[in-house]
Amino acid sequence: SARDTTQNTATAPDRAREIKMYKLDIRVDMKEAAATERRRMLEQQRKERIFNARQRTIGVDVAGLSQQVMERREQEDLEKQRHEAFASEMTRNDKMAELLQQRQEKDLRQLNKSLTEYRREHQRKEDRREFDLYDPDFKKKDLPARVSDQDPSLTVSGLQMFDGEDLAYETRKKLQQEQIREWTSQQMAEKTRLSHEEKAAERLHNLKARELDQRAVELAQAEVETRRAINLATKDYNLALAKEKAAQQQQELTQDQDDNYTELCNHIHGDMLTENPDVSQSAFGPHRVIPDRWKGMRPAQVNEITATQEMQRREKEILRQEELAQEREWDRRRVAESKAGLVLESQLKRQQKSLAQTLARENRELAAEQRAKQDHINKEVYINRPTEGYFAQFNTSSR
């Protein structure tokens, strides 16, 4: 019981010291040492084999992998050709766009250059009608207040000429009319020139726009032709694939029909449908048959089974009557034993109560002893701490 367990626990360290002492006295067996060394080498080889992922891989389908690699390479070649075609087309479009942009920039520079030259030659600020209003050298070019009586620059507020002294009125009037006529002619000529220049500029702009439209149409047509060529190549490839698939399906259909016809003939002329009774005879004896070839029992066998079943039914009826008699006997014994059991049960309860009291007292004593022993083990025996060597011994084997 618990007391014996306490005694065994108390003597465990002494037994361990005895076993350790005996192990030191055992002489080393060379055969056992060789076996141990062999097991150690096998374990090392197994660890190397298991920890090597390349050798651990087993059962690779080389043919399937080769087929997958071949299909993958064909797909990559097709994608590569397609990407190269698109890349060449993009390069060609980029070059054409770059040439178009260079021509546009060249025409724009030429147009700006022509406009600058025209402005430098025909639109100088000195030729403007109101240039005398903001001429920086106006004071240098200006005349004195009055050069003569016919000085056109004299004003009323200048107090240089008074009423009645205008002697050059007719001449001044003619000059003014001539000047107005000259200005009008110049304005008309300037307006006509500007109109011609605007028409020329508009014509150049229309020509440029027409050229750009023509180039855009050419680029679009080239792109359409390229796409048409790519679509034709893709269509041819798809048609080839479709023909190949149709031929393969036709071949598989023909093979299936041949297999079905052969299987049908085998079934028609086989022993299964002809119901040959000899095929069900087993090679292990005349009393055994092959289940998947057996077509049924003969009349003699059926009669024999019926007779056997009738005999078994009679034997079962006799056994049932005997079991009923035994059950009645057991019921009688069970009643007598239950009465005796009640008496024994009262006696056992009294004994169990006394035994429980005794056991509780002994358990309290054993608990006190074990508590004292556990305190001794925890405070005096198990005081060491695990070191690095203790943790290094784990994960050193492949088992």
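A: Let's start with R227 and E223, which form a salt bridge whose closest N and O atoms are 3.4 Å apart (a side-chain nitrogen of Lys or Arg within 4 Å of a carboxyl oxygen of Asp or Glu). Both residues sit in helix 6, 4 residues apart, or about one turn of the helix (helices are DSSP runs of H or I with at least four residues, strands are runs of E with at least two, and numbering goes from the N terminus). R227 has a relative accessibility of 47%, so it counts as partly exposed, and E223 at 34% falls in that class too (buried is under 20% relative accessible area, exposed is over 50%, and partly exposed is in between, with a 1.4 Å probe and protein chains only).

Before going on: this is a predicted model, where local features need pLDDT of at least 70 and side-chain atom pairs count only at pLDDT 80 or more, while totals for chains, interfaces and linings use all residues. Residues are numbered from 1 along each chain as its sequence is written, and side-chain values use heavy atoms, with hydrogens and water left out.

Back in helix 6, which covers residues 169-268, there's another pair to look at. The side chains of R215 and E211 meet in a salt bridge, at 2.1 Å from N to O. Their spacing is 4 residues, about one turn of the helix. Is R215 buried or exposed? R215 counts as buried because its relative accessibility is 11%, whereas E211 comes in at 32% and is therefore partly exposed. Leaving aside residues up to four places away in sequence, R215 touches L100 and R103 (a contact being heavy atoms within 4.5 Å).

Helix 4 (62-122) and helix 6 each supply at least two residues of the lining, and helix 6 gives the most, with 12 residues.

With a relative accessible area of 31%, A85 is partly exposed. A85 and I230 are 145 residues apart in sequence, yet their C-alpha atoms are 8.1 Å apart in space.

Now for the other charged groups. E190, R193 and E197 are linked in a network of salt bridges. In helix 8, E310 and R313 are 3 residues apart, again described as about one turn of the helix, and their side chains meet in a salt bridge at 2.3 Å, N to O. E310 is at 31% relative accessibility, so it counts as partly exposed; R313, with a relative accessible area of 48%, is partly exposed as well. The structure holds 16 salt bridges.

V289, W294, M297, V302 and I305 make a nonpolar surface patch of about 400 Å² (patch residues have over 30% relative accessible area and no salt bridge; nonpolar side chains, namely Val, Leu, Ile, Met, Phe, Trp and Tyr, are joined within 5 Å, and like charges within 9 Å). W294 lies in the loop between helix 7 (271-274) and helix 8 (299-381). At 39% relative accessibility, W294 counts as partly exposed.

Zooming out, the protein chain has 9 helices and 0 strands. Of its 399 residues, 6% count as buried. The accessible surface of the chain comes to about 36,400 Å², with 54% of that belonging to carbon and sulfur atoms (areas come from the Shrake-Rupley method with a 1.4 Å probe; for residues, only the protein chains shown count as cover). Among contacts in the chain with a separation of 6 or more, 49% come from residues 24 or more positions apart.
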